Amino acid sequence: MTVRNRGFVTADEQARLRAAKILIPGVGGMGGAAFMALVRAGVGRFAIADIDRFELSNLNRQLFATLDTIGEDKAAAARAGALRINPEVEIELLGAEWTAALDRLIPESDVIVNGMDDAAAGVHLYRRAQAHGRTVIDAYASPLPSVTVVRPEDPRPEVRLRYPTVGIPWTEVTPDMRTLCLQREIEYVLTHSSSHAHVDLDIAAEVAAGKRSRFSFATMVTMAGTMMAEEAIRVILGRPGGTDHRGYFFNPHRMRVERPRAAPVAAVRGVVVRRFLRRMMA
């Protein structure tokens, strides 16, 4: 199955991928794309989790969403799809209980790929990953494909992005806090990328205000998931390079990589972005 991987990876590296285990909470959009890429790359063991079922609106971007899987549990459908690619892959299936099992799952895993977008569960995941010394691969809520690599020594996103969850048990995060977490993430994205130039800002404002679900597009979601898979492979194989906890945005519209802006520029731009978001949400 993996014979054509040679040239990108050595025989020894392929064996290491086969022996590796990856935890992926959320296998819908970006998480599903990352999962499929990692299965095809020859990673041999996974623990995947999801609490949702596939629905019609997932067909525009989620790789395991088909007419046959509509209404099915996402994790179960993704597992079945992965086994049709490689029947030897080992996949532990979890539902809502995955958050309670992190202290077992994380030490068993070589790396974590975060494919879910629940702010409270994400805070919990990052805290436990740091406690167990594991790296989390993630992406921003951005209309441009993005990827971050948060190692155990790196600041948690809740600290870096100024979430209202700092110091609060993850089970006590309120709906209003979740909305504010998303707003802070959008603020960062607009400060450090040209995302505003490539979306409908009226709809973006409704998303930021919690009045509309996040919008997604097939090419952007699949690219981001593949970028996440690439970074996960880099971590497993101990390869140098890659991105850091701040990550980067890939802009396919202008064929360039957009990296976080320097602090003085970001400070000024951030003021403008915050005023803009308040005006748009109003």
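Modeller: Start with the labels: helices (H or I, at least four residues) and strands (E, at least two) are DSSP runs, numbered from the N terminus. The model is predicted, so local features need pLDDT of at least 70 and side-chain atom pairs pLDDT 80 or more, while totals for chains, interfaces and linings use all residues. Residues are numbered from 1 along each chain as its sequence is written, and side-chain values use heavy atoms, with hydrogens and water left out.

Colleague: Which residue just after H9 takes a positive phi?

Modeller: Gly-238 does, at about 65 degrees.

Colleague: How many Å should H9 span?

Modeller: The expected span of a helix is 1.5 Å times one less than its number of residues. H9 covers residues 218-237, 20 residues, so it should span 28 Å. Its end C-alpha atoms are 29 Å apart, which agrees.

Colleague: Now the sheet. What is the order of the strands?

Modeller: Strands pair if DSSP finds at least two bridges between them. Here eight strands form an open sheet, ordered S3-S2-S1-S4-S5-S6-S7-S8, with mixed pairing. S3 and S8 (256-258) are the edge strands, each pairing on one side only. From one strand to the next, the twist averages 20 degrees.

Colleague: In which sense do S6 and S7 pair?

Modeller: Antiparallel, over two bridges, with S6 at residues 146-150 and S7 at residues 248-251. Val-147 has Tyr-248 in S7 as its bridge partner. S1 (residues 21-25) and S2, by contrast, run parallel and are joined by five bridges. There, Leu-23 stands opposite Ala-47 in S2. S2 and S3 also pair in the parallel sense, over five bridges. Phe-46 has Ile-91 in S3 as its bridge partner.

Colleague: How many residues of S2 are buried?

Modeller: Buried means under 20% relative accessible area, exposed over 50%, partly exposed in between (1.4 Å probe, protein chains only). Four of the five residues in S2 are buried. Thr-99 is buried as well, at 14%. It lies in the loop between S3 (90-94) and H4 (102-108), and touches Ala-121, His-124 and Trp-170, not counting residues up to four places away in sequence.

Colleague: How many aromatic pairs are there?

Modeller: Rings of Phe, Tyr and Trp (its six-membered ring) pair if their centres lie within 6.5 Å; planes under 30 degrees apart count as stacked, over 60 as edge-to-face and the rest as tilted. The structure holds four pairs. One of them, Phe-35 with Phe-64, is tilted: 5.7 Å centre to centre, 40 degrees between the planes. Phe-35 lies in H2 and Phe-64 in the loop between S2 and H3, so the pair ties together parts 29 residues apart in sequence. Phe-35 is buried at 0%, Phe-64 at 6%. Tyr-140 and Phe-249 are stacked, at 5.3 Å and 20 degrees. That pair links the loop between S5 (136-138) and S6 to S7, 109 residues apart.

How values were computed: Contact means heavy atoms within 4.5 Å. Axes are lines fitted to C-alpha atoms, for helices over the stretch in contact, and angles run from 0 to 180 degrees between N-to-C directions.
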